[in-house]
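This briefing is for a reader who is meeting the structure for the first time. Please look over the sequence and the model below before reading on.

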Amino acid sequence: MEQLTVAQLGARAKAVAAVLASASPSLKNNALAAIADALTARTEEIIAANKADLEQAVRNQMSQAMQDRLLLNPARIQGMAEGVRKLIQLDEVVGKVEEGYVRPNGLCIQKTRVPLGVIGIIFESRPNVTVDAASLCMKAGNCVILRGGKEAFSSNMCLTNIMRDAVESAGLPADIIQLVPDTTRESSNQLMKLSQYLDVLIPRGGAGLIRAVAENATVPVIRTGVGNCHVFVDASADAAMAVNIIDNGKTQRPSVCNAIETILIHRDIAKDFLPLVKARLDEHNVILHGDAETCEILGDCVVPAEETDWETEYLDYQLAVKVVGDVDEAIAHISRYGTNHSECIVTKSLDNARKFQLTVDAAAVYVNASTRFTDGGEFGFGAEIGISTQKLHARGPMGLYELTSVKYLIQGEGQIR
């Protein structure tokens, strides 16, 4: 792909947006199938590009958790291909009539799903986002301009070129998928101001990236991803269940936004429960940052928590721990430090479960289940573009439906007002 400016990428995307928006479901699905086949066929090429990124990550002393986010291997590439194939099986959203009615004057009005248009996505070090985002946007009829981080540039460029070749072979313009070749801050700033061409901008990454986009963009933004997620273990909780949920939420994949970062333990069970959960987390060498009561119960193995620990998204094998008096104190803590992503209560109390779900302000609120389920695939949406933590347009896992808007189609017989 030739070196183009951000504005040139925008112009090219806008020029082919109508072609994709009007493409038939079969044409889009054929292009998705071509992408999936190409990913599998060109696995060695992808791994070679990814190896260059991983070697650079080692030189830059990137953490193991972040290197895991960056890694592509045959299994993960196959997983990406399968994710694309699953999109083919999903019902077509574009053109769906949400509702229709006839006015007293005879006008027939249909509220119909249409693509958003041209979507810009700024993301960090996970190259699988390149495929997830491009394929999902295409299924929903949207062109996409991807701007990844420098950590994964070789991987992202390789994946983008493979997808462009694939969609072109299926009969769609290659420019429905583009990657910004410049990974400096300036290219991000330019994308944030690309109001002439972009219909919406979606940041996927850490708190710093999302804050920068939200504060500086003139393009409409859907904020995603920051996940300072909590588990509150109530006094009535099944201890074994709570340990499993915490272990899964922290250690199954700590580098993702739906992993937990803080656990809140009811004071009545803290002395008995904290040693149980610590023993399980010790199997993964999780570092605990605890309040005074946690330190008193577990001893010197706990790092005394500072104020910043309650608001930190570790994305690593670290976890903040606090003892609280009741469900109200847990809710107050989450209200102060949470990021409106995913929160969980483990309890046998129906009243406390109901209060927690109705009161906690988050996109996903769980009772007795891991926050790791906040995911488009787990919710049955197929792939996702991210987890929206805001309230306008979309909230929670963003699948095909959330990547569309509506258009009113009106049929008349000469009516005038």
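Strands S9 and S11 run parallel and are joined by four bridges. The model is a predicted one.

**Strand S11 and its partners**

- Within the pairing of S9 and S11, Gly290 has Val321 of S11 as its bridge partner.
- Strand S8 also runs parallel to S11, and five bridges join the two.
- Leu264 has Lys322 of S11 standing opposite.
- Strand S11 is largely enclosed by the rest of the structure, because five of its seven residues are buried.

**The sheet as a whole**

- Seven strands make up an open sheet with parallel pairing, in the order S10-S9-S11-S8-S7-S12-S13.
- The edges are held by strand S10 (303–304) and strand S13 (364–367); each has a single partner strand, so one side of each has no neighbour in the sheet.
- Helix H11, residues 270–282, packs on this sheet and touches S7, strand S8 (260–266), strand S9 (287–290) and strand S11 (318–324).
- The direction of helix H11 makes about 155° with that of S8.
- In general, the strands of a sheet pair through backbone hydrogen bonds, and the pairing is either parallel or antiparallel.

**Strands S7 and S12**

- Strand S7 covers residues 229–233 and strand S12 covers residues 342–346.
- These two strands pair in the parallel sense, over four bridges.
- Val231 has Cys344 in S12 as its bridge partner.

- Ile410 lies in strand S16, which spans residues 404–411.
- The relative accessibility of Ile410 is 49%, so this residue counts as partly exposed; the exposed class begins over 50%.
- Together with Tyr101 and Tyr408, Ile410 makes a nonpolar surface patch of about 300 Å².
- Leaving aside neighbours within four places in sequence, Ile410 is in contact with Leu107, Cys108 and Ile109.
- Ile410 and Val102 are 308 residues apart along the chain, and their C-alpha atoms are separated by 9.5 Å.

Conventions: Residues are numbered from 1 along each chain as its sequence is written. This is a predicted model: local features need pLDDT of at least 70, side-chain atom pairs count only at pLDDT 80 or more; totals for chains, interfaces and linings use all residues. Side-chain values use heavy atoms; hydrogens and water are left out. Patches are made of residues with over 30% relative accessible area and no salt bridge: like charges are joined within 9 Å, nonpolar side chains (Val, Leu, Ile, Met, Phe, Trp, Tyr) within 5 Å. Accessible areas come from the Shrake-Rupley method with a 1.4 Å probe; for residues, only the protein chains shown count as cover. A salt bridge is a side-chain nitrogen of Lys or Arg within 4 Å of a carboxyl oxygen of Asp or Glu. Buried means under 20% relative accessible area, exposed over 50%, partly exposed in between (1.4 Å probe, protein chains only). Two strands pair if DSSP finds at least two bridges between them. Contact means heavy atoms within 4.5 Å. Axes are lines fitted to C-alpha atoms, for helices over the stretch in contact, and angles run from 0 to 180 degrees between N-to-C directions.
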